[in-house]
Amino acid sequence: MVTPVRVRFAPSPTGFPHVGNIRTALFNWLYARHYKGKFIVRIEDTDVTRKVEGAIEALLDSLKWLGMDWDEGPEVGGKYAPYFQSQRLDIYREMAERLIVQESAYYCYCSSQRLEEMRAEQIKRKQPPGYDRRCRDLTPEERSAKEKEDITPVVRFKTPLSSQTGFRDLIRGEVVFDNSTLDDFVLLKSDGYPTYHLASVVDDHLMAISHVLRAEEWLSSAPRHRLLYQAFGFEPPQFAHLPMILGADRAKLSKRHGAVSITEYKELGYLPETMVNFLALLGWSLDDRTELISRQELVANFSLERVSQTAAIFNQEKLNWMNGVYIRSLSVEDFAERALPFLDKGLPAEVRRPLAKKYVGEIMPLIQERAKTLAEVIGLSQFFFIEDLDYDTSLLISKGMDREAALKALAKSLASLNKREAFDAESLEGVLRPLAAELGLKTGQLFGTLRVAVTGETAAPPLFQTMAVLGKERCLKRIEAAQNKLAKRG
RNA sequence: GGCGCAUUCGUCUAGCGGUUUAGGACACCUCCCUCUCAAGGAGGAGAUCACCGGUUCGAAUCCGGUAUGCGCUACCA
C-alpha cells in the first residue's frame, strides 16, 4: 500500500502572511488536493519573543480568502491535536530527554554571552562560526558542578563528527552534506520551548506527514533534520524544497519592495482567484503557454515535477495585468458587489452613505473594463459621486480651440441638451455629433470639452454613457459650472 | 570565510540529446479600432541558452571547472 499523502503548512505567527509563505501553503494545498490527501495546518509558535498579536487570525483568514481549506489544524482540530506547538511542550521535552538518555543529545550550560564572544572570536579569526562543543563531553562531576550554578541548560544535538548526511530532494535530486560542517544545534531552549528543528521533526513524525514541501531556505537545515530522524529511529518523510520568491532587485522579498503580505494585496483590491493563479505560476507551470488557469485545473494538474528549481522574481506588472483579466471576466453584478466595499471605504466622507446600490450598478459597467484593481475603482468613479468637480479650467479648451470657442461650445451644448427629454446614450449622441459639425469642431474637440466639464477628467469612460448615468440635471449643472469657471477666467 | 542550491529575452517561463531559424506571457514599440482612457485586433523589437572545457555523429539539454546570484551559517522560523 502506498502511504497516503499528508502535507502540512507550518507557519510561525511572527508577522503577517508573506506572499512567499502563502505560495508555500498553496503548493502544499494543491499537492494534497491533487493526490486526494490531507492538508494540515500547524502553528509553529515556539518563539515567544517574536510572537505578533493577530498573526494567526490574519493567516487563517488569508487561507480562507484564497480557498485553501485544511483538513486538520486550528478551528477544525483533528486526530493529532493539538496543532499549536506551544501546547505540545511536554512532548518535545520528553523527546529531548529520550535523546539525552541514549546519548544523542546533551545539556549545554554555556551562557549566551559566552556564545556571542565565541562567535565574534571565530569570525575575527575567519573560522566558520559554530558551537565549540564545550559541554559535549562533560564528566559527571563537571556537570553537577554546573547544575549548582543555577543556570537552566539548553539541550543540544550530538552531531556526528564525521561522515556525511544526504537525502533525495524531490525537486533538486541528491543533496549531500559533510557532517563536519554541521555544529551541535540547540533542540530545546532554556525557556522550555523547542527549536524549529526539534519541533518540526517530532511533529512531522507524530502527525504522519508524508511529504515536507517547504521553502528553499530550509535546504541547509535538512541534514540536521535527517540526522534527527535517524537518532529517533523515525522513518523520514520525503522532502522538496521550493524556489524562493524575490523582489525586483533579486533580494529576498521584503517590505521595501512594496506589498509583501497577502492581506495587503487583498486590501489593494486584487482578487483571490488572481492571487491563486499568479502565485501558482511563480515556480510552477503547466506547459509552454498556459497563463490563465483556474483553481480546479491547478488541482487537476499540479505536480512537483513541474516545479522550477530557480528563485522567481515577483512581477507586479504581470500581477496587475492578470487581475485586470479576472476583473473583466466577472459578471457585472459580481464586480459591483466586490467593488462596493472599496467604494464605501474609499470615497470621500461627504458622499452620502449608504451608497445607492442601483446607481453604483449603473456606474460599474463603465468602470469594470478600466480597473486593474478594486481599489482603483474609487478613483475611476469618484466624479460620479461627488458634488463639485475640481479641475484646471484650461482643460476645457480642447486642442486647436480657444477660450471663445470652448465657451461657445458649452453654451450651445447646454441649450440643445436643455431642450431634450430623452437622456440616454443614444439620443445624446444624436444631439451632440451634429452639434460638433454645426460648431465647426471635430467631434474629439467638442467631446473633450464636455468630458472635462462633466467629469473633471480628460480620461474617462465614453461620454454619452457617462452622461446618461450622471443624468440630465447633474450634467446641465456641471456644464453651467464649467461656463462660469471659464468666463471668470478671462 | 564555510557549506548548499541555482544560472534560457528586462521579468515569469517552455524546452528534459536531433522536430528549434530557442516557443508563450507581462512590460515595451508600431499600426488598426476610436469622443478621451481602457479593452480588443495585427505586427515588431528583445536570449551568441553565464563562461570555459569535455562526452557525443550531434548539447540550451549529459559531465567537470570557473564566475555570478541566492540561501543557510542564532537558545528565529
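Buried means under 20% relative accessible area, exposed means over 50%, and partly exposed lies in between (1.4 Å probe, protein chains only). The model is predicted: local features need pLDDT of at least 70, side-chain atom pairs count only at pLDDT 80 or more, and totals for chains, interfaces and linings use all residues. Residues are numbered from 1 along each chain as its sequence is written, chains are lettered from A and ligands numbered from 1 in the order in which they are written, and side-chain values use heavy atoms, with hydrogens and water left out.

**Exercise 1.** State where Ala 120 is placed and to which accessibility class Ala 120 belongs.

*Solution.* Step 1: Ala 120 is in helix H4; helices (H or I, at least four residues) and strands (E, at least two) are DSSP runs, numbered from the N terminus. Step 2: the relative accessibility of Ala 120 is 46%, so this residue counts as partly exposed. Step 3: Ala 120 and Leu 198 are 78 residues apart along the chain, and their C-alpha atoms are separated by 26 Å.

**Exercise 2.** Describe the surroundings of His 241.

*Solution.* Step 1: His 241 belongs to strand S9 (residues 238-242). Step 2: its relative accessibility is 0%, so His 241 counts as buried. Step 3: look for polar contacts, that is, pairs of N or O atoms within 3.5 Å; within protein, one must be able to donate a hydrogen and the other to accept it, and residues adjacent in sequence count only if both atoms are side-chain atoms. The side chain of His 241 has such a contact with the side chain of Asp 169 at 2.7 Å and with that of Arg 214 at 3.1 Å. Step 4: contact means heavy atoms within 4.5 Å. Not counting residues up to four places away in sequence, His 241 touches several residues, among them Phe 167, Trp 218 and Leu 219.

**Exercise 3.** Determine whether Gln 85 is buried or exposed, and find its side-chain partners.

*Solution.* Step 1: Gln 85 lies in the loop between helix H2 (55-65) and helix H3 (89-101). Step 2: Gln 85 has a relative accessible area of 0% and is therefore buried. Step 3: the side chain of Gln 85 makes polar contacts with the side chains of Glu 44 at 3.1 Å and Asp 203 at 2.9 Å.

**Exercise 4.** Characterise the protein surface near RNA strand B.

*Solution.* Step 1: a residue is near a strand or molecule if one of its heavy atoms lies within 4 Å of it. Step 2: RNA strand B is surrounded by 66 residues, the closest being Lys 189, Glu 369, Arg 370, Arg 451 and Ala 460. Sugar and phosphate make up 72% of the RNA strand B atoms that come within 4 Å of the protein.

Notes: Ala, Val, Leu, Ile, Met, Phe, Trp, Tyr, Cys and Pro count as nonpolar, Asp, Glu, Lys and Arg as charged, and the others, Gly among them, as polar.
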